[in-house]
Amino acid sequence: MNRKICIFANETSSSVNTVKKLIRKLDNVGFSVSEKFCEDADLLVVVGGDGTFIEAIHKFNFPKMPIIGINTGHLGFFQEIMPDRLDDFIFNYTNDRYSVQTLSTVRIHIKADGKEFSHTGLNEVVITGASSYSVHLNISIGDRFIERFSGDGLLISTPAGSTAYNYSLGGSIVDPRLNVLQVTPIAPMNTTAYRSFTSSILLPSDLSLGAVPDVSARPSGIRIVYDGYSCEYDNVEEMTVSFSDIKVHLMRFESYDFWRKVKSKFL
């Protein structure tokens with residue numbers, strides 16, 4: 001078939017067995033298969049759960065080729081097929097009976113100690129105080145000051161990430177066909193001393209969110225978490241969160257429907 005396929009999997013027994021079966025079936029129809037990542041591959045197959053999927057896109061620096069997930073984990077929201085449907089996958093892929101769903105990513109840009117840093121997430125980025133301190137942030141949207149936020153932190157999610165940590169915080173599920181960022185507060189303070197939004201807000205793709213640590217509050221570091229990866233910064237001057245130019249491309253078959261998947265996974 002002259003198509004090159006890379007496979008990435010976790011080390012569970014279910015995933016190991018699935019990979020063995022998949023390689024055998026792909027070899028039989030003439031595909032070139034590798035368990036090492038190749039930038040010129042036509043397809044990346046990720047075997048595992050959503051955690052394995054997230055690990056793969058970060059490990060391979062958000063690969064440009066389409067990705068398909070085989071779910072051997074628990075929720076499997078990003079994963080397209082189950083291990084017992086390998087033949088269906090190969091038939092549909094061989095006959096070009098699929099579409100490619102493009103997912104947006106979110107980027108945070110940080111200025112700290114006179115240096116600049118950036119991180120990208122498929123699901124979300126989270127801003128919290130280091131060492132479990134509350135965080136106090138002056139928040140702006142599109143360069144217009146909105147509020148002085150006080151609480152455990154802020155989560156900014158993509159539509160793809162709206163069903164992850166965002167959902168557990170009470171945020172809304174967003175159809176990935178909508179190009180919006182969702183800003184969800186984490187344990188916001190809302191007293192006579194502190195006033196903060198207590199529900200999530202949606203931002204259009206052309207607006208960014210700015211966050212500047214309040215210098216009048218107790219000084220502490222800032223922790224940034226993007227798709228579960230964590231780092232800390234001292235002396236943060238400002239942070240800007242916006243959509244990234246980086247995209248993730250998921251292979252979807254004709255039977256895929258976002259809201260059917262939401263119903264099957266959450267109801």
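How many disulfides does the chain have by the rule that a disulfide is a pair of cysteine sulfur atoms within 2.5 Å? The count comes to zero. Cysteine 6 is in no disulfide. The nearest cysteine sulfur, that of cysteine 38, lies 3.7 Å away. Cysteine 6 counts as buried because its relative accessibility is 2%. Cysteine 231, at 17% relative accessibility, also counts as buried. Here buried means under 20% relative accessible area, exposed over 50%, and partly exposed in between (1.4 Å probe, protein chains only).

The structure is a predicted model, in which local features need pLDDT of at least 70, side-chain atom pairs count only at pLDDT 80 or more, and totals for chains, interfaces and linings use all residues. Residues are numbered from 1 along each chain as its sequence is written, and side-chain values use heavy atoms, with hydrogens and water left out.

The chain has five helices and 15 strands. These are DSSP runs numbered from the N terminus (helices: H or I, at least four residues; strands: E, at least two). The radius of gyration is 20 Å, close to the 18 Å that the globule rule gives for 267 residues, so the chain is as compact as a globular protein of that length. This radius is taken over C-alpha atoms, and the rule is 2.2 Å times the number of residues to the power 0.38. Along the principal axes, the C-alpha atoms fill a box of roughly 65 × 40 × 35 Å. Of the 267 residues, 51% count as buried. Contact means heavy atoms within 4.5 Å. Among contacts between residues at least 6 apart in sequence, 70% join residues at least 24 apart.

Helix H1 spans residues 13-28 and has 16 residues. From first C-alpha to last, H1 reaches 23 Å, close to the 22 Å expected at 1.5 Å a residue. The expected span is 1.5 Å times one less than the number of residues. Ser15, Thr18, Val19, Leu22, Ile23 and Leu26 of H1 are buried. They lie on the same side of H1 because they cover an arc of only 135° around the axis. The arc is that of the directions from the helix axis to the C-beta atoms. An α-helix has 3.6 residues a turn, so residues three or four places apart point the same way. The cover over the buried residues of H1 includes strands S1 (4-9), S2 (32-34), S3 (43-48) and S4 (67-71), and helix H3 (86-94). On the other side of H1, Ser13, Lys20 and Asn28 are exposed. Just after H1, glycine 30 takes a positive phi of about 95°.

Terms used
A disulfide is a pair of cysteine sulfur atoms within 2.5 Å.
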